[in-house]
Amino acid sequence: MTALPPKSTIKLAPAQSHTEASSSQAQNQPSKSQKQMTKAERREQQERQRAAKAATKAAGPQPSGSNQNSAQAKKGAPPTAGTNASVKKGGKGPDGKPTRETKETTSDDSARGLQIFSHFGLPKPPGPSKGDIHPTIIRLGLQFSEFKIAGANARCIATLTAFKTVIQDYVTPPNNTLSRHLLTYLSPQITHLVSARPMSVTMGNAIRELKLEISGSDIDLPEQDAKNLLCQKIDDYISERITIADQVIQETAGTKIKDGDVILTYARSSVVEQVLVGAWDDGKRFSVVVVDSRPMLEGKKLLSVLSAMGIPCTYLLLPSIGSVITEVSTVLVGAHSLHSNGAVFSRAGTALVAMMAKQHSVPVVVCCETYKFAETIQLDSFTKNELAPAGDIFSSFPLTRSKDTLTLNKQPNLEILNPLYDLTPPSSITAVVTEVGVIPPSSISSIPLALGRTTL
């Protein structure tokens with residue numbers, strides 16, 4: 001018998017998946033150029049490149065031990081010290097006794113906290129300047145970031161005064177005109193101020209007016225005469241829209257104060273301060289309740305001014321307003337900005353004061369200049385706001401302990417949130433006193449027409 005040949009064994013390779021097959025076919029095919037690709041193929045290639053770039057950026061620079069960690073993760077090994085949650089094995093302490101196993105959890109600052117408020121403007125020193133920044137603007141930016149200059153009127157006046165210095169030191173380059181190149185030169189100055197603190201409505205309206213004056217300046221006018229004319233326009237704006245407007249508001253709102261009244265005000269408004277001081281100088285005798293809140297404690301400045309004049313004052317914090325609101329005759333508050341739907345954007349806590357006054361049928365009068373008017377409609381204080389710095393800004397009364405030990409600072413499980421402004425609805429406001437008259441909240445949108453123009 002002849003021996004049969006041995007059977008040959010054939011090993012079948014595992015079937016490739018459809019995606020693997022298609023990818024291998026795509027790799028074997030020669031790459032097409034951009035001209036040979038269709039529009040859909042080019043768009044698909046761009047999407048793949050964006051996804052790869054985003055994945056690389058999200059992963060970040062991996063440490064040298066990342067491959068080891070990934071290999072351990074595949075084997076089911078516990079995470080090493082390079083991961084966020086690390087397990088620290090017990091050892092021997094200083095006294096020789098074994099220590100217990102502890103678990104350390106490290107988290108990034110950006111991953112914790114109230115992310116829903118991350119869009120609020122944070123007080124921060126200005127970053128590295130881009131472009132030719134004037135020293136006056138750099139100094140002003142630092143004062144803004146440290147809240148040494150606070151308040152809508154004070155910030156606007158300081159900004160315009162700094163721009164006067166910038167304009168006087170400006171020299172038009174050859175083959176350029178002042179009306180064109182000065183606008184380009186002012187842009188980085190404005191950007192630097194905005195990097196210190198978000199631009200207020202008052203600053204935006206003033207800068208818009210200044211740009212219109214620059215663009216409309218006469219080309220044939222000598223450079224120094226044109227700069228002097230612009231500085232005169234700035235002085236006229238400060239005088240007409242702020243200084244004289246405050247005087248008119250002082251006279252109008254002062255007529256609402258009678259002898260024996262109890263006036264309640266919140267925080268500190270420069271316009272309200274002028275109204276109260278002017279009414280006292282006119283011989284009216286009244287008392288003032290100053291309501292304040294942390295961390296700004298701006299009411300202490302107002303309290304020092306009023307008490308120095310001999311005005312009877314009562315000072316209390318915002319949570320105690322319910323105990324005195326029934327004794328109040330009128331509530332006088334200031335404003336950061338005034339919106340076309342009648343809402344008032346002011347220091348955080350103003351909305352609570354206004355709503356408490358409305359609940360007890362106490363009239364709420366807002367003193368506000370028309371240059372604070374914004375044509376936008378704002379329905380809440382969440383979409384746009386700032387964060388006040390942690391801790392008390394202004395020096396408090398003498399303390400037995402140092403101020404640093406009493407300041408609340410951020411901790412791993414503590415996030416400090418101090419919104420700077422809130423929105424008072426028009427339903428809580430009785431009237432708004434401006435330099436063009438006393439206006440109800442429902443007619444705020446008519447302010448530009450009262451000034452004889454279509455826009456501010």
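A few ground rules come first. Because the model is predicted, local features need pLDDT of at least 70 and side-chain atom pairs count only at pLDDT 80 or more, while totals for chains, interfaces and linings use all residues. Residues are numbered from 1 along each chain as its sequence is written, and side-chain values use heavy atoms, with hydrogens and water left out.

Let's start with confidence. The average pLDDT (the predictor's confidence in each residue, from 0 to 100) is 80 for the protein, and 72% of the residues score at least 70. Residues 63-90 stay under 50, and the model gives them 24 contacts (heavy atoms within 4.5 Å) beyond four places in sequence. Residues 99-113 are also below 50 in pLDDT, with 25 contacts in the model beyond near neighbours in sequence.

Now to helix H7, residues 201-215. Helices (H or I, at least four residues) and strands (E, at least two) are DSSP runs numbered from the N terminus. The expected span of a helix is 1.5 Å times one less than its number of residues; for the 15 residues of H7 that gives 21 Å, in agreement with end C-alpha atoms 21 Å apart.

How does H7 pack against H8? Two packed helices are described by the angle between their axes and the distance between the axes. H7 and H8 (residues 223-254) pack at about 150°, with axes 10 Å apart; axes are lines fitted to C-alpha atoms, for helices over the stretch in contact, and angles run from 0 to 180 degrees between N-to-C directions. On the H7 side, Asn-205, Ala-206, Glu-209, Leu-210, Glu-213 and Ile-214 take part, meeting Leu-230, Lys-233, Ile-234 and Tyr-237 of H8. Six of the residues in this contact are nonpolar, one is polar and three are charged. Here Ala, Val, Leu, Ile, Met, Phe, Trp, Tyr, Cys and Pro count as nonpolar, Asp, Glu, Lys and Arg as charged, and the others, Gly among them, as polar.

Ile-214 also turns up in the surroundings of Ser-179, which touches Ile-214, Ser-215, Ser-217 and Ile-219, not counting residues up to four places away in sequence. Ser-179 sits in helix H6 (residues 178-196) and is buried, at 9% relative accessible area.

Further along comes H9 (residues 270-281), whose 12 residues reach 16 Å from first C-alpha to last, close to the expected 16 Å. Nine of the 12 are buried, so H9 is largely enclosed by the rest of the structure. After H9 comes Gly-283, with a positive phi near 100°.

Finally, the backbone. Most residues other than glycine have a negative phi, and most peptide bonds are trans. Phe-147 has a positive phi near 60°; this residue lies in the loop between H4 (135-145) and H5 (152-169) and is buried at 3% relative accessibility. Ser-361 has a positive phi of about 60°, but is exposed at 66%, in the loop between H11 (350-359) and strand E9 (364-367). A cis peptide bond, with omega about 5°, joins Arg-294 and Pro-295. Pro-295 belongs to the loop between strand E4 (287-292) and helix H10 (299-308).

Technical notes:
Buried means under 20% relative accessible area, exposed over 50%, partly exposed in between (1.4 Å probe, protein chains only).
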